[in-house]
Amino acid sequence: MDRMTNDDVRPLKLEECGATWRFLEGRKLWNAFDPMGVHAPGGPENDYDAYVEPTLKLCEQGGGADALRAYAAFVVYESIGMHRQPVMDHAIAEFSKRVQKWYASGSEAK
């Protein structure tokens, strides 16, 4: 049996740690938004993972709440296929503001 040594472990670069942290925080934001209503405490955390990276990329490119709202609306209504409803439009707007505020402040998602 092979033994792993410290020489076999590649340390993470600082930018990789930051990217991982941002991804996990973005995941928290999407799970809290939960447009499909499938995220339960203790359940799978990855239901919305496909949408986290594009959301973060919009933030990194300077996309504000309007760009985030357009992307979230695309995800909800086109990708997921939900029917448009005023309550969901409001939830999308609130989610977009929350993401933009989180990214601008650099704080943890709550």
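The points below cover the nonpolar core and then some salt bridges.

1. A word on the ground rules. This is a predicted model, in which local features need pLDDT of at least 70 and side-chain atom pairs count only at pLDDT 80 or more, while totals for chains, interfaces and linings use all residues. Residues are numbered from 1 along each chain as its sequence is written, and side-chain values use heavy atoms, with hydrogens and water left out.

2. The core. A nonpolar core here is a set of buried Ala, Val, Leu, Ile, Met, Phe, Trp, Tyr and Cys residues joined through side-chain atoms within 4.5 Å; buried means under 20% relative accessible area, exposed over 50%, and partly exposed in between (1.4 Å probe, protein chains only). The largest such core has 22 residues, and the members that touch the most others are W30, F33, I92 and F95. Two or more residues come from each of α1 (14-33), α2 (49-60), α3 (65-79) and α4 (86-105), with α3 giving the most, 7 residues. Helices (H or I, at least four residues) are DSSP runs, numbered from the N terminus.

3. A closer look at F95. Leaving aside residues up to four places away in sequence, F95 touches L29, W30, F33 and A72. Contact means heavy atoms within 4.5 Å.

4. A salt bridge is a side-chain nitrogen of Lys or Arg within 4 Å of a carboxyl oxygen of Asp or Glu, and the whole structure has 6 of them. R27 pairs with D49, with 2.5 Å between the closest N and O atoms. Because R27 sits in helix α1 and D49 in helix α2, this pair ties together parts that are 22 residues apart in sequence. D49 counts as buried, at 18% relative accessibility.

5. Is E25 buried or exposed? With 3% relative accessibility, E25 counts as buried, whereas K28, at 40%, is partly exposed. Their side chains meet in a salt bridge of 3.0 Å, N to O. K28 and E25 are 3 residues apart in helix α1, so about one helical turn separates them.

6. A pair within α3. The side chains of D66 and R69 form a salt bridge at 2.4 Å, N to O. Both residues belong to helix α3 and stand 3 residues apart, about one turn of the helix. D66 is exposed, at 56% relative accessibility, and R69 is partly exposed, at 30%.
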